[in-house]
Protein chains: 2
Amino acid sequence: MPKAVVLLSGGLDSTVTLAAAIGDGTEPVALSFRYGQRHSRELDAAAAVCRHYGIRHMVMDIDMSSFRSALTDGGMEVPSDREGDLSREVPSTYVPARNIIFLSMAAGICESIGAGAVYIGANAVDYSGYPDCRPEFFDAFRRMLAEGTKAGTEGRAVEVRTPIIGLSKADIVREGKALGAPLHLTWSCYKGGERACGRCDSCLLRLKGFREAGIEDEIGYEV
Amino acid sequence: MPKAVVLLSGGLDSTVTLAAAIGDGTEPVALSFRYGQRHSRELDAAAAVCRHYGIRHMVMDIDMSSFRSALTDGGMEVPSDREGDLSREVPSTYVPARNIIFLSMAAGICESIGAGAVYIGANAVDYSGYPDCRPEFFDAFRRMLAEGTKAGTEGRAVEVRTPIIGLSKADIVREGKALGAPLHLTWSCYKGGERACGRCDSCLLRLKGFREAGIEDEIGYEV
């Protein structure tokens with residue numbers, strides 16, 4: 001089976017993406033990052049998902065503590081309670097160049113272990129304003145890999161696959177269920193409590209997705 | 001003064017690039033990486049160069065120990081004694097996606113601290129076979145930043161500047177001298193001994209550059 005590297009945060013989207021990679025017939029290696037997140041709840045979820053599938057889980061440290069973002073900076077407020085206002089502005093949870101850095105690391109690992117593709121659970125439908133989740137970005141990233149890597153100059157650049165980029169959150173939930181993904185093990189909340197807060201942008205999007213899909217979200221919520 | 005981030009390995013090329021950034025009137029922040037190099041001799045040199053200029057030096061850890069390369073893998077031989085054979089093949093010292101990862105991190109820091117440009121000491125003349133040192137790669141990287149960052153989508157993408165990309169090694173030495181760069185503090189050797197080995201690809205290129213420039217290289221060599 002061809003090897004692939006799957007970026008796995010431990011959230012809903014990346015877990016369904018991992019399920020899609022397995023469905024594509026790849027032998028996946030999951031890759032997570034410790035990048036100065038405020039909490040490790042997501043990484044715990046990623047580890048649980050990998051145990052569920054019995055696949056290799058690489059966790060790499062990248063010091064992004066000096067990158068300005070509400071996700072890594074304890075002094076910034078995580079936005080919440082704005083379900084009606086998920087506008088097209090770049091939110092404060094934007095971490096500069098985060099997906100660029102994660103994809104670059106994944107591409108380097110692919111080239112090192114002989115994997116032909118990176119999977120990333122980016123989504124451009126329930127658009128949260130992140131520039132590094134848009135199809136235009138991934139196209140430009142693919143062209144950059146073709147020019148800047150040994151594999152690329154040899155005409156076999158690492159592929160960047162975004163299987164859920166065109167799906168609504170409800171469709172992602174449905175797809176996850178259809179693929180048998182362990183959605184009950186995933187963590188989406190920006191906060192790191194015992195239970196998901198149910199109020200941050202990420203919880204609101206997730207709840208809306210399950211509701212519209214008519215599927216019960218089995219994780220517990222505070223509200 | 002506009003801020004800039006300068007990738008500084010501690011070698012000749014990146015030190016002359018730093019001198020060029022200062023010459024451009026920027027306020028530089030130097031950025032080095034601990035990425036699993038076999039030795040820390042280069043990082044010591046980078047620190048000495050920053051002390052010389054009295055500028056801020058950020059050293060970030062990136063775990064690239066699983067990336068296959070003679071620079072990070074203790075089991076691979078660093079090539080040496082092939083002065084007549086610096087061919088266009090990608091050498092074993094190629095670290096997959098290394099410049100891509102370094103530039104991505106630098107771009108993220110730029111966006112976080114409000115710097116408008118990254119300087120990188122890549123060179124495409126004394127070409128050592130690295131795909132991520134070619135102008136075509138930097139053009140593709142610039143387009144990718146324009147699509148994938150907040151600054152880029154706002155029309156003020158971080159610039160990627162390669163001031164020495166078109167210079168021969170001899171011209172880099174001359175330029176460094178003209179700019180008053182502390183060339184005697186730099187380290188180019190792939191090995192980490194007390195003195196440079198004088199035999200690896202990097203030493204051979206450096207020695208050739210000083211010789212052709214007619215300038216004495218003040219660092220000591222084993223041979």
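A residue counts as buried when its relative accessible area is under 20%, and as exposed when that value is over 50%. In this predicted model, 4 of the 5 residues of strand β1 (residues 3-7) of chain A are buried, so the strand is largely enclosed by the rest of the structure.

**Strand β1 of chain A and its partners**

The chain crosses from β1(A) through helix α1 (residues 12-23) of chain A to β2(A), and this β-α-β crossover is right-handed. Strand β2 of chain A covers residues 27-34 and pairs with β1(A) in the parallel sense, over 5 bridges. Within this pairing, A:V5 has A:V29 in β2(A) as its bridge partner. Strand β1(A) is also joined to strand β4 (residues 117-119) of chain A; these two strands run parallel and share 3 bridges. Here A:V6 stands opposite A:Y119 in β4(A).

**Chain A as a whole**

Chain A contains 7 helices and 5 strands. Along the sequence, these elements follow the pattern β-α-β-α-β-α-β-α-α-β-α-α. Of the 223 residues of chain A, 57% count as buried. Among the contacts in chain A with a separation of 6 or more, 73% come from residues 24 or more positions apart.

A residue of the segment after α7 (201-213) of chain A is A:E216. With a relative accessibility of 63%, A:E216 counts as exposed, because the cut-off for that class is over 50%. A:E216 and A:H184 are 32 residues apart along the chain, and their C-alpha atoms are separated by 9.8 Å.

**Aromatic rings**

Over all chains, the structure holds 8 aromatic pairs. A pair of aromatic rings is described by the distance of the centres and the angle of the planes.

Together with A:Y35, A:F33 and A:F102 form one aromatic cluster. In chain B, both B:F137 and B:F138 are likewise buried.

Arginine residues are also placed over tryptophan rings. In chain A, A:R41 lies over the face of A:W187, at 3.9 Å from the ring centre. In chain B, the charged end of B:R41 sits over the ring of B:W187, 4.0 Å from its centre.

**The interface between the chains**

Contact between the chains involves 35 residues of chain B and 35 residues of chain A. Chain B and chain A bury about 3,000 Å² between them, and 70% of this area is on carbon and sulfur atoms. On the side of chain B, the residues that lose the most area to chain A are B:S112, B:M144 and B:E147, which together make up 17% of what that side buries.

Conventions. Residues numbered from 1 in each chain as written. Chains lettered and ligands numbered in written order. Predicted model: local features only at pLDDT ≥ 70, side-chain atom pairs only at ≥ 80, totals over all residues. Heavy atoms only, no water. Buried < 20%, exposed > 50% of the residue type's maximum accessible area, 1.4 Å probe, protein only. Pairing = 2+ DSSP bridges. Right-handed = clockwise from strand over helix to strand, strands pointing away. Phe/Tyr/Trp six-rings, centres within 6.5 Å; stacked < 30°, edge-to-face > 60°. Lys NZ or Arg CZ within 6 Å of the ring centre and 35° of its normal. Contact = heavy atoms within 4.5 Å. Buried area = accessible area lost by both parts, 1.4 Å probe.
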